[in-house]
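Dear colleague,

Please find below the structure I am handing over to you. My findings follow directly after it.

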Amino acid sequence: TSSETMAGGVRPRPVVDRLPRYAAGKPPVVVDGLASYKLSSNENPLPPIPAVAEAIAAQTDFNRYPDPLSTKLRTALADFLDVPAEDIVTGAGSLGALNQILAAFAGQNDDGKADEVIYAWRSFEAYPICVGLAGAESVRIPVTPDGRHNLEAIAAAVTMRTKVILLCTPNNPTGPILTAEETERFIKTVPSDVVVVIDEAYQEFVRAEDAVDGIRMYRKYPNVVALRTFSKAHGLAGLRVGYSISQPELTQHLRVAATPFAVSQIAEQAAVVSLQNFDQVVERVQSLVDERDRVTAGLRGLGWFVPEAQGNFVWLNLGEDSAEFAQLAGERALSVRAFGNEGVRVSIGEVEANTRFLDLCAVYTKPPR
Ligand code: PMP
């Protein structure tokens, strides 16, 4: 093999050998005579709103670097969210923004030991990769059977080495939100030198009235960071733009850790124009929320157990049958995401795709309970 002929050649850091590869959602399956749908990456199925596409097409000055501070976007967001522009740090997607947070606050400590980053599991599958690459150690706290964070267990897992806690609301892939009440109670128990990240990638899809709002939390607590993205509600996943919001106590360090020029000028401009046309974004999000609620109600009507679904996806606790179910979906030209022997996550897509998914569930004989 090439690694044998390269004896004495480069070796990655041990963590790179150990880490799983990020398994991106598979492309739609092709089945003769059936339109294919990709329901495996929690994407927005709708094409960009026309004003965004036009603004992108109008740009030409690509010989220049983008503004490293994304000033136009941060100014627009500050106005939109009613926060100081200084509190916002942009990144290449919220993943890029998360990597900046980890780079600033968690890694290998000066004593050579790894810092700890605690998060619920199962949650967003990029977390272990980001944490491992930062040099820190993942501490995973199992979600409850209905897919919720176990905040008491997370609080109990905090040690002297804990530097960051990742909360995901709604939790990808299981779906439930964290409530404002439980989150604030939790934050009060966490030492003030531990950074609490509230990952709200699906925030715009939330309709639960008791849900936490990361922006309210960050205003009150200097160790809290809210993490948001243009990938989901705004439908700009392909452009890679996200951001974190925190008080200057944290933001000063995030600016140092930020990847220079992480947000391209196209991505910045698209995000600004999307905010300017937020009424259209809201309309689209509402159509997806309506579809999510139709799918959830349909599944429950069939007797399926579905955890609270507040993102643009539903979670099926299919256990050992996960791969089989994903295979059956594939035969109907639907690509869905199976996570090991735990369950299957199905993104809300086009109406026809969602209906076809429900039709499959109606004939599937081993529903999750
Ligand atoms: N956080 C969560 C919870 C997610 O589900 C995702 C996307 N799947 C992200 C962050 C990253 O999204 P992006 O980098 O596109 O903003």
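**Helix packing**

Helices H5 and H10 are roughly perpendicular to each other, because their axes cross at roughly 105° and angles of 65 to 115 degrees are counted in that class. Please note that the model is a predicted one. H5 covers residues 93–105 and H10 covers residues 248–257, and the two axes come within 8 Å. On the H5 side the residues involved are Gln100, Ile101, Ala103 and Ala104, and they meet His253, Leu254, Val256 and Ala257 of H10. Sorted by class, the contact of H5 with H10 has six nonpolar and two polar residues, with no charged ones.

Two further helix pairs share H11, which spans residues 265–276. As a reminder, a packed pair of helices is described by the angle between the two axes and by the distance between them.

Helix H3 (residues 50–57) packs on H11 at an angle of about 150°, and the axes are 9 Å apart. An angle over 145 degrees counts as roughly antiparallel, and H3 and H11 are therefore described as roughly antiparallel to each other. Their crossing is right-handed. H3 contributes Ala51, Val52, Ala55 and Ile56 to this contact, while H11 contributes Ile266, Gln269, Ala270, Val273 and Ser274. Seven of the residues in the contact of H3 with H11 are nonpolar and two are polar, and none is charged.

The other pair is H4 with H11. Helix H4 (residues 71–81) and H11 pack at an angle of about 25°, again with the axes 9 Å apart. Angles under 35 degrees count as roughly parallel, and H4 and H11 are therefore roughly parallel to each other. The crossing of H4 and H11 is left-handed. From H4, the contact takes Lys72, Leu73, Ala76, Leu77 and Phe80; from H11, it takes Glu268, Ala271, Val272 and Leu275. The contact of H4 with H11 has seven nonpolar residues and two charged ones, but no polar ones.

**Overall form and domains**

The secondary structure of the protein amounts to 14 helices and 12 strands. Along the principal axes, the C-alpha atoms fill a box of roughly 55 × 55 × 45 Å. For 369 residues, a compact globule would have a radius of gyration near 21 Å, and the protein, with 21 Å, agrees with this.

The domain assignment gives two domains: domain 1 comprises 11–48 + 279–363, and domain 2 comprises 60–276. Their C-alpha centres lie 24 Å apart. The contact between them draws 24 residues from domain 1 and 29 residues from domain 2. On the side of domain 1 that touches domain 2, the elements giving two or more residues are helix H12 (278–301) and strand S9 (313–316). H12 gives the most to this side, with four residues.

**Backbone features**

Most peptide bonds are trans, and most residues other than glycine have a negative phi. Where does the backbone of this model have a cis peptide bond? Pro170 lies in the loop between strand S5 (162–168) and helix H8 (180–189). The peptide bond from Asn172 to Pro173 is also cis, with omega near 10°, and Pro173 is likewise placed in the loop between S5 and H8.

Arg240 is found in the loop between strand S7 (224–229) and strand S8 (242–245).

With kind regards

Technical notes:
Residues numbered from 1 in each chain as written. Predicted model: local features only at pLDDT ≥ 70, side-chain atom pairs only at ≥ 80, totals over all residues. Domains from an automatic or database assignment. Contact = placed C-beta atoms within 7 Å. Axes fitted to C-alpha atoms, helices over the stretch in contact; angles between N-to-C directions. Left-handed = near helix turned anticlockwise from the far one by under 90°. Nonpolar A, V, L, I, M, F, W, Y, C, P; charged D, E, K, R; others polar. Rg over C-alpha atoms; globule rule 2.2 N^0.38 Å.
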